[in-house]
Amino acid sequence: MADALRITRIPGADGEHVTYCRICEALCGMVATVESGRITKIRPDRDNPHSRGHICVKGPALADLAYDLERVTVPLKRTGGPGEFTPISWDEALDDIAARLAISIEQHGAFSFAVNSGNPPSMGWPSSLAAPFFQAAIGGSRTYTPASEDISSVVLATELMFGTHAFVFPDLAQCDHLLIFGSNPLVSHGSLMIAPRFKEDLDAIAARGRVIVVDPRRTETARKYEHISIMPEGDVWLLGAMLHTLIAEDLVDHAFLAKHCNGFGDLVRSLAWLTPELAADRCGIDADSIRALAREFAAAGRAAAMGRVGLCRGEFATLTNAFLHMLNVIAGKFHRPGGYGWGHGGTATDAQHEGPPPAARHGALPARVSGLPSVWGTQPSSTFHEEMTTPGEGQIKSLLVVGANPVMSMPGGPDLPKAFAGLDLMVALDLYVTETSRHAHYILPVTTALEREDINLFFMNHMVRPYAQHVDAVIPPLGEARMEFDILRDLARRMGKGDAFGTATPFDMADAALRAGIEGQGGLCLDHLKAAPHGMMIDRDRWDFDFTKRIGHADRKIHLWDPVLANELQRLAQTPARDPAALRLINLRKLRSINSWMHNVPALVRSDTPALLMHPADAAARGIADGGRASLSTAWGSIETVVTISDDLRRGVVAYPHGWGHAAGWSRANGKGGGNLNAIVPRGPQSSEPASGMSRLEGFDVEVVATA
Ligand SMILES: Nc1nc2c(c(=O)[nH]1)N[C@H]1C(S)=C(S)[C@@H](COP(=O)(O)OP(=O)(O)OC[C@H]3O[C@@H](n4cnc5c(=O)[nH]c(N)nc54)[C@H](O)[C@@H]3O)O[C@H]1N2
Ligand SMILES: Nc1nc2c(c(=O)[nH]1)N[C@H]1C(S)=C(S)[C@@H](COP(=O)(O)OP(=O)(O)OC[C@H]3O[C@@H](n4cnc5c(=O)[nH]c(N)nc54)[C@H](O)[C@@H]3O)O[C@H]1N2
Ligand code: SF4
Ligand SMILES: [Mo]
């Protein structure tokens with residue numbers, strides 16, 4: 001019936017526009033209906049061969065976001081205190097920014113310029129290129145991203161073991177036995193691994209074999225399959241003891257180890273002490289169950305173990321992720337059907353064996369004050385505040401924030417505004433006057449995903465079933481909004497530094513990347529994609545390539561041991577047991593919410609209020625009733641919250657979502673209450689995991705006290 005409308009590619013033309021969602025990594029196909037130039041409806045795209053009609057409630061809400069009356073659609077200049085802005089023309093704004101940035105950089109050097117690039121721009125192709133190209137134009141190297149709240153630890157573990165940053169992930173399509181550590185894909189829809197119909201995949205695995213979810217909370221995913229309840233940050237002990245079991249019981253793939261790995265002997269020696277008996281108390285899972293988990297995993301023919309953010313932000317996050325990789329490798333699950341390894345999407349090349357570029361390697365750009373290492377070219381955000389406030393050569397003096405909200409998303413975020421006040425210049429490219437952008441000297445309006453042409457290039461290599469899609473903008477930019485890439489190229493040109501952007505468009509670059517990949521030999525290019533508006537599957541056997549050519553180490557071997565990991569293991573062995581009576585906090589993601597930025601959309605937030613989840617016994621011990629109020633505090637701060645009692649949680653564990661407690665230019669979000677979780681998480685470089693600089697966002701002790 002809806003097909004009566006004509007499919008069109010002309011932005012803003014009446015008819016149906018094929019597009020895809022760029023809110024989370026599922027990248028679901030959608031069809032937007034435009035009538036009289038306005039989007040009136042967004043429905044799932046049943047003809048998208050990848051998501052086949054799957055979307056969640058957030059996808060269609062992109063249209064509400066685009067038309068939100070509180071959205072910033074003209075350049076704004078700060079003319080008073082934080083949040084006090086006056087509209088200004090693009091020319092005036094960019095000329096003034098160019099002049100002030102040039103002066104600041106001339107006085108303090110290119111190193112005094114920093115970029116904070118957030119999660120949403122990384123979801124699109126042209127938007128993801130904008131900040132790196134601008135850095136290249138400036139000659140700067142200081143980049144802050146959410147990586148150290150999200151993936152630095154897994155990226156580092158992958159670099160140390162495989163010599164590359166290319167993500168490794170399970171073969172959901174063929175696996176019969178899947179262990180999930182610290183991920184809730186039925187809500188998050190997956191991360192660092194793309195499968196929009198994740199639930200369908202898990203159901204099929206469960207029907208063929210088993211899906212086991214290791215999590216301190218009986219999550220939506222755990223409830224549906226088998227759940228093993230673990231203490232927060234217990235995984236390093238559990239996984240270490242599982243490796244110990246595989247070694248002790250000789251359940252290892254010796255042939256694979258001999259041919260493709262080194263360091264096994266060191267690993268065996270270093271893990272001798274980490275027995276299941278010793279681990280049991282530290283992870284809250286008894287020794288027999290740990291052994292059974294390891295044995296069953298080894299015995300299953302098509303098995304894989306995956307992890308996500310629940311493994312990534314603890315005190316030993318890099319070691320934990322390395323153990324997870326090792327579990328797959330040692331048990332003989334690497335690069336085989338139903339197992340674990342690299343993907344083969346449209347941009348993957350057979351030979352990536354030179355490893356990451358030097359500036360992206362571990363520790364290449366250490367933080368000026370604390371010396372904490374960079375990972376993937378990104379600075380740990382626990383150093384951001386002191387890099388702005390500690391005087392001396394290289395102190396951050398100018399800051400460009402591209403689609404990030406660090407006041408809400410970084411540890412100690414609420415402290416940042418004071419540091420922003422000392423900057424020569426702060427510019428934000430955002431959709432809203434946020435808790436962060438309200439402190440900028442300028443806010444430059446950007447397009448939403450619906451207002452830009454795009455290609456899912458970056459994501460093709462970590463798709464369970466690779467697919468490629470190019471889409472045009474559904475509508476032209478609203479108001480005076482522009483694309484990040486165009487804004488920053490224009491700014492660079494006004495500074496006389498436009499050459500770094502070259503003459504190729506982001507889509508010329510995408511075309512070249514497609515042609516250079518494995519599929520390019522078979523003819524994959526941008527024109528092919530344009531001829532397949534709903535996107536096309538890249539059909540090729542996932543394991544049909546020589547994986548040794550993807551290994552970045554010169555010896556083309558997987559390194560099971562490394563000095564960084566050895567250090568971390570030593571640190572683990574010396575770490576004292578935790579106070580069993582303390583409450584520990586974990587993070588909570590909900591379906592209707594995405595980090596800090598869709599809370600102004602009524603359709604999403606109407607029925608969603610941030611609340612602290614607490615086990616009935618823990619609540620009773622503190623005299624807190626369901627729906628009661630409490631303070632949630634740590635040595636670093638305190639927030640007020642409503643409490644929801646739930647026996648889904650393990651005793652001694654509480655869960656709270658991040659990204660709430662709004663106080664900026666989004667009135668509906670402000671009205672939802674809640675507290676900014678990053679006001680109470682451990683902060684400062686000393687609180688980071690030392691190997692990767694990862695923020696410690698979960699597992700720390702909290703106090704909960706009933707309030708009136
Ligand atoms: N609806 C929705 N979807 C999202 C997002 C969102 O905000 N909302 N955010 C997107 C982003 S940016 C990301 S990075 C991904 C993240 O994707 P996921 O990692 O799948 O997301 P989470 O739901 O946070 O799942 C983490 C799980 O780890 C558990 N956990 C916490 N601590 C521990 C621990 O010590 N050990 C173990 N084993 N488990 C632990 C938590 O209880 C939680 O269930 O989601 C993306 N998708
Ligand atoms: N305590 C705690 N903190 C966390 C986490 C946690 O679990 N616990 N999770 C972490 C994770 S996984 C992540 S990924 C980070 C996210 O951290 P950030 O990326 O810093 O924060 P977001 O909430 O995603 O805010 C993104 C900003 O981009 C704007 N925006 C939206 N779309 C666009 C666009 O297309 N272009 C531009 N230029 N701007 C846009 C939004 O208005 C918003 O201001 O948060 C991290 N912080
Ligand atoms: S799962 Fe929801 S938010 Fe994620 S891409 Fe699909 S529609 Fe968008
Ligand atoms: Mo994330």
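In this predicted model, Arg550 sits over the face of Phe545, 3.9 Å from the ring centre. A charge counts as over a ring if NZ of Lys or CZ of Arg is within 6 Å of the ring centre and within 35 degrees of the ring normal. Arg542 likewise lies over the face of Phe169, at 4.0 Å from the ring centre. The model is predicted, with local features requiring pLDDT of at least 70 and side-chain atom pairs pLDDT 80 or more, while totals for chains, interfaces and linings use all residues; side-chain values rest on heavy atoms, without hydrogens and water. Residues are numbered from 1 along each chain as its sequence is written, and chains are lettered from A and ligands numbered from 1 in the order in which they are written.

The whole structure holds 16 aromatic pairs. Rings of Phe, Tyr and Trp (its six-membered ring) pair if their centres lie within 6.5 Å; planes under 30 degrees apart are stacked, over 60 edge-to-face, and the rest tilted. The ring centres of Phe133 and Phe485 are 5.7 Å apart and the planes stand at 70°, so this pair is edge-to-face. Phe133 belongs to helix α3 (residues 125-138) and Phe485 to helix α19 (residues 484-494), so the pair ties together parts 352 residues apart in sequence. Helices are DSSP runs of H or I with at least four residues, strands runs of E with at least two, numbered from the N terminus. Both Phe133 and Phe485 are buried (under 20% relative accessible area, 1.4 Å probe, protein chains only).

The rings of Phe256 and Phe547 have centres 5.9 Å apart and planes at 20°, so they are stacked. This pair also links distant parts of the chain. Phe256 lies in helix α10 (residues 254-260), and Phe547 in the loop between β21 (536-537) and β22 (558-559), 291 residues apart. Phe256 and Phe547 are buried.

Ligand 2 is surrounded by 29 residues (a heavy atom within 4 Å). The closest are Asn119, Arg313, Asp430, Glu484 and Ser596. Polar contacts are pairs of N or O atoms within 3.5 Å; within protein, one must be able to donate a hydrogen and the other to accept it, and residues adjacent in sequence count only if both atoms are side-chain atoms. A nitrogen atom of ligand 2 lies 2.6 Å from a side-chain N or O atom of Glu484. An oxygen atom of ligand 2 is 2.6 Å from a side-chain N or O atom of Ser596. A polar backbone atom of Leu429 is 3.1 Å from a nitrogen atom of ligand 2.

Terms used. Buried means under 20% relative accessible area, exposed over 50%, partly exposed in between (1.4 Å probe, protein chains only).
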